[in-house]
Amino acid sequence: MFTRADVFPDKNEGIDRILAQLHSAGHGGCGGMGWNDIVSAREQHEQVKRSHYISCWSKTVESVAMWSLYSPDQCSVRVSTSTAKLKQSVEALLEKYSFTRLSDADLDKNAAVAVSGQIAPVAYASLHYIAQRITRRVKAFRRIESRYKRLGKSLPALEEINHRYYEREQQRTLKELRDTCRLKDSSFGHEDEVRLCVRLGEEPWKLANKSLKSEYLNPGHKYHVSLRATLNVFRFVFSVPIPPREFVPCSPDLVETVAIDPRCPPHKAKFIREWFSSRGINVVESTCFGYLPESFEVFPTR
């Protein structure tokens with residue numbers, strides 16, 4: 001299951017995109033990013049979230065916090081798999097929204113197509129601290145700009161700027177803002193998350209785009225860099241209706257092991273264990289919540 005980022009309870013999903021745009025703010029408000037106040041920022045942010053399908057996994061094997069949050073009935077299970085198997089799920093959703101599904105009947109209609117997909121870990125940092133740093137930088141830039149204006153001068157042109165300026169800018173760039181839907185507040189750090197993420201874009205389907213179809217269908221160009229760059233210019237989804245959740249088929253061996261919530265009542269745990277075991281899935285024991293001395297195999301001699 002993939003869920004649209006705007007359905008998640010965390011309102012700051014996808015905020016890295018907005019922060020990155022603010023970080024690049026320069027002349028004329030927000031540097032032509034399409035928003036310049038709280039209302040338009042919120043609209044832009046909602047489009048960003050609505051355009052990303054995400055499936056969340058954790059790298060942490062045992063976590064009392066995760067069991068407590070995601071097993072409120074104390075009868076849930078934790079499944080484990082591999083990155084290679086999850087990659088197949090990403091590719092399945094990319095294929096589901098591939099523009100190769102479009103035909104002449106879709107000409108001149110807005111269409112939502114898969115633009116990119118990835119599996120990557122989430123970065124955790126204080127969003128408020130990052131926002132404060134960016135705010136200070138933008139304010140400093142505008143003070144410099146105002147100073148030049150008072151002197152009747154313009155800011156230096158690109159060819160007039162020392163090459164070391166760009167080196168310093170690269171060093172100051174916040175690495176957490178180099179992607180979208182990959183940054184969460186440090187308060188979510190217990191999740192230790194890896195995300196399957198597929199971004200959709202929306203554009204009118206035109207004759208010019210049909211040439212991409214033949215390129216995509218050529219096996220040697222399915223993931224060609226130039227093709228992916230062309231798709232990446234698609235705008236975020238803003239009018240095409242897409243479901244809040246998408247489901248894709250999984251390989252029969254997707255689930256490698258299962259752990260049952262240690263707090264699960266014995267009769268329910270027995271049923272769950274037998275159900276998975278009958279399907280050839282290995283059931284392992286969780287070490288959370290247990291009383292360690294009960295697992296001792298050796299004891300002091302008298």
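**Close-up 1. Glu-246 and Lys-96.** At 7% relative accessibility, Glu-246 counts as buried (under 20% relative accessible area; exposed is over 50%, partly exposed in between; 1.4 Å probe, protein chains only). Its side chain meets that of Lys-96 in a salt bridge, 2.6 Å from N to O (a side-chain nitrogen of Lys or Arg within 4 Å of a carboxyl oxygen of Asp or Glu). This pair links distant parts of the chain: Glu-246 sits in strand 8 (residues 245-246), Lys-96 in helix 5 (residues 83-96), 150 residues apart. Helices (H or I, at least four residues) and strands (E, at least two) are DSSP runs, numbered from the N terminus. Lys-96 is partly exposed, with a relative accessible area of 41%.

The model is predicted: local features need pLDDT of at least 70, side-chain atom pairs count only at pLDDT 80 or more, and totals for chains, interfaces and linings use all residues. Residues are numbered from 1 along each chain as its sequence is written, and side-chain values use heavy atoms, with hydrogens and water left out.

**Close-up 2. Glu-62 and Arg-78.** A salt bridge joins these two side chains at 3.2 Å, N to O. Again, distant parts of the chain are linked: Glu-62 lies in the loop between strand 2 (52-58) and helix 4 (64-70), and Arg-78 in strand 3 (residues 77-80), 16 residues apart. Glu-62 counts as partly exposed, at 24% relative accessibility.

**Close-up 3. Glu-191 and Lys-184.** Here the side chains meet in a salt bridge of 3.0 Å, N to O. Both Glu-191 and Lys-184 are buried. Shared partners join Glu-13, Lys-184, Glu-191, Glu-193 and Arg-195 into one network of salt bridges. The structure holds 18 salt bridges.
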